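Me: I would like to learn to read a model like this one. Please show it and start with the terms.

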Amino acid sequence: MKELLGLSHLFITVFLCDISTFMVVPVITDVTMSALCPGKDKCSLAIYLSGFQQGIIGLGTLVMMPLVGNLSDKYGRKTLLTVPMILTILPLGVLAYSRERNFFYMYYVLKTLTAMVCEGSVHCLALAYVADNVTEGRRASAFGVLSGIGSSAFVCGTLSARFLSTSSTFQVATSVAVVAAVYMRVFLPDSVVGHGLTASLISKEKPDLTKPDGESTRNGTQLFKSMPSLEDMVSLLKTSSTFSQAAIVAFFSNLADFGLHGSMMYYLKARFHFNKDQFADLMVISGIAGTISQLFLMPALVPALGEEKLLSVGLLFSCAHMFLYSIAWSVWVPYVAAMFSILFFLSHPCMRSIVSKQVGSCEQGMAQGCISGICSFANVVSPLAFSPLTALFLSDQAPFNFPGFSIMCIGFASMIAFIQSMRIRAAPPMLFHRGSNCDNAEV
């Protein structure tokens, strides 16, 4: 409990940042449709543009996540958190000003560029921050609490969108994003990962990297040698079979999650004519279920079942959740499917905890960044596979009448992750070193 209390400023930072992000999710579909296809419930252009944006963002984050994680191991979590939290404000500010077509395209470009750095990086760094400050035995519960904070923000954000007008939603989201960045810079203490680095990345001084013999170097090329290479990634994956299996699970589970996120709202709008209020209701149900599971169920279930079994249980419920969406015959079925969130939200913190135990304390940012990079690769593949499928089966040219066919295919991807998760066995923690340690950072 004392360890969790010590993370209170991190939890508040993540909560505020997530609220600003989740608040606009229920309304962005209506804003996109109004800008591109006004007055219509079906819009292939909106689906393809959303899929293209998701793919470009995925390519960017595929490169940036391991880089951000690795740099945070050397320059501190707080320094690297500053960048995405400031960049998040820019696209929100555009739609807070206007949602006309020209401003929507400006938002679209800004969102695509900034999300290459922002998408997932706050949570990646937050996970590494938690791993810095929580012992291995309590890490799964701490990751669960962090995810529960995110789910709580999801509920608060979507509830806000439910009662605010579209223009007010973006204005409030922008203001909350500014507050989050200021709060983080003022109150969040930095994690001490190692002692080799004696200058900040955002300092005007050059990095001063201390060698074992007490000498220092200011050679700028040393910084680039510390960047994660493909060889680093491959070596990290080969270090532990548990780590590589978790990476496969991460890829397929995120392939399914990104696919569902990119398709579900357009599917529900075309199938049942959902609007922003119904989207918000659906997300609130899912968020409340996820909050209950992560804050209350996970601390009890991890000691009883173990992280590996709980990961499989969560992914099994994820499969059921997606298959139920795909065959929705009534407007009430999506609400029932959303309740499955009470267990499938457990899979993510369990997977991250398993990964964190396979590396040493100086490699937490690298490991979490590697997994986030793999998730980003899934973000690239997902729209290529599912956006055309969704557009086809929601159009008049569908080969057969099954609007939820793409959602069912997404469920099969989740099933692959579930099957792979059943192969993961509890293994003793391993230390991964690239010829360095915390007190002797050779970069």
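Reply: Start with burial: buried means under 20% relative accessible area, exposed over 50%, and partly exposed in between (1.4 Å probe, protein chains only). D281 has 28% relative accessibility, so D281 counts as partly exposed. This is a predicted model: local features need pLDDT of at least 70, side-chain atom pairs count only at pLDDT 80 or more, and totals for chains, interfaces and linings use all residues. Residues are numbered from 1 along each chain as its sequence is written, and side-chain values use heavy atoms, leaving out hydrogens and water.

Me: What does D281 form with R162?

Reply: A salt bridge is a side-chain nitrogen of Lys or Arg within 4 Å of a carboxyl oxygen of Asp or Glu. D281 and R162 form one, with the closest N and O atoms 2.9 Å apart. D281 is in helix 14 and R162 in helix 9, 119 residues apart. Helices are DSSP runs (H or I, at least four residues), numbered from the N terminus. R162 also meets D277 in a salt bridge (3.5 Å, N to O).

Me: Where do K357 and E307 lie?

Reply: Their side chains meet in a salt bridge at 2.9 Å, N to O. K357 lies in the loop between helix 18 (347-356) and helix 19 (364-393), and E307 in helix 15 (residues 307-326), so the pair ties together parts 50 residues apart in sequence.

Me: Is E307 buried or exposed?

Reply: E307 is buried, with a relative accessible area of 8%. K357 counts as buried too, at 17% relative accessibility.

Me: How many salt bridges are there by this rule?

Reply: The count comes to six. D73, R77 and D132 are linked in a network of them.

Note on methods
Helix = DSSP H or I, 4+ residues; strand = E, 2+ residues; numbered from the N terminus.
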